[in-house]
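Please read it alongside the sequence and the structure shown here.

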Amino acid sequence: MSENEEKDIKVQCPICQAEKVIKVPNYIFDNKKVGNIKIQIYKGICCEHQFILFLNKKSEIMGYEVIDMNIDLSAVEESRSKDKIYLRDMLKTYGDYAVSCVIHSLLLDFPIIILRTKYEGSRASDFTYFLNKILPDSPNKKILLVSNILEKDYQKAKIENALVINPTGIVINTPWKDIPLDFETNIVNKSLEIIDDSTQTYIIQDGVTLLFKEAEFVKAIIDKEDILEDDLKNKIASNFMHNVDNQRLNLLKQILEHRYRNGNVKRIKNRLLSKLDEGLW
Ligand SMILES: [Zn+2]
């Protein structure tokens, strides 16, 4: 199958119900190992709203997620650097949703596969260099794996446990259980307030440093005992002097489960479910 063949998908805006037929490349459905495919529908493509379209392997629509990211990509310029990759280059090329997925993958320590067209050379080392700068130096820092393979090699690529994005930012595979990517989106927004490219990287790194400190704080607790979610949120909040919502807790749990490979995450109990457990006895 040629990588140029496309499929028509009729999308419907989850907010205003406007409809639009979009074209997606056929090959993104060709790898058997992947789960749902996610496509960012930008403002102006279907209507004035932006949202994420979820497709299954048979190219059937599984649902939509409304996103509220407020990144005006038209105002983001590519950096002038030819030999380096910066945040705004990635945003311009792949879009904010795919970039949020890339940051999430970094946090969880999953390999990242970025497909390229036959007209592009591999920039794997540039991606690796840039993305490694986002990760704080810590004993927990691992060498990040970024591959920049050709679209035509996707079908036979081994991608089970990797994030895969295509050259236009379609998120073809995510190796984690879907959670809202609020931290990732917020940190991208926050760093875009800074104009200097290298400083932007440090803003993200600062956010990630704090997140990893929280993860280590949680790890020290759950390695000793079971704890209820609400109690844990309060402990983190008072130790780090900021609010901890469910989304942050879910992110910390995923970081502990995947990056730290900590099996004690199951010791974090939900109050309601614990009561149900007791009831069974
Ligand atoms: Zn709409």
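**Briefing on the predicted model**

In this predicted model, strand β1 (residues 6–12) and strand β2 (residues 19–25) pair in the antiparallel sense, with seven bridges between them. The points below begin with this pair, then turn to the domains and to the overall fold.

**The β1–β2 hairpin**

- Strands β1 and β2 form a hairpin with six residues between them, and within the turn Gln17 has a positive phi of about 65°.
- Across the pair, Ile9 stands opposite Ile22, a residue of β2.

**Domains and their contact**

- The domain assignment divides the protein chain into domain 1 (1–68) and domain 2 (71–281), and the C-alpha centres of these two domains lie 23 Å apart.
- Where the domains meet, 15 residues of domain 1 are in contact with 16 residues of domain 2.
- On the side of domain 1 that touches domain 2, strand β3 (residues 37–41) supplies the largest share, with four residues.
- By residue class, that side of domain 1 comprises eight nonpolar, three polar and four charged residues.

**Overall fold**

- The secondary structure of the protein chain amounts to seven helices and 11 strands.
- The radius of gyration is 20 Å, close to the 19 Å that the globule rule gives for 281 residues, so the protein chain is as compact as a globular protein of that length.
- The C-alpha trace spans about 55 × 45 × 40 Å along its principal axes, and buried residues make up 28% of the 281 residues.
- Of the contacts between residues at least 6 apart in sequence, 62% join residues at least 24 apart.

Key: Residues numbered from 1 in each chain as written. Predicted model: local features only at pLDDT ≥ 70, side-chain atom pairs only at ≥ 80, totals over all residues. Domains from an automatic or database assignment. Contact = placed C-beta atoms within 7 Å. Helix = DSSP H or I, 4+ residues; strand = E, 2+ residues; numbered from the N terminus. Nonpolar A, V, L, I, M, F, W, Y, C, P; charged D, E, K, R; others polar. Pairing = 2+ DSSP bridges. Rg over C-alpha atoms; globule rule 2.2 N^0.38 Å. Buried ≥ 20, exposed ≤ 12 C-beta atoms within 10 Å, placed from the backbone.
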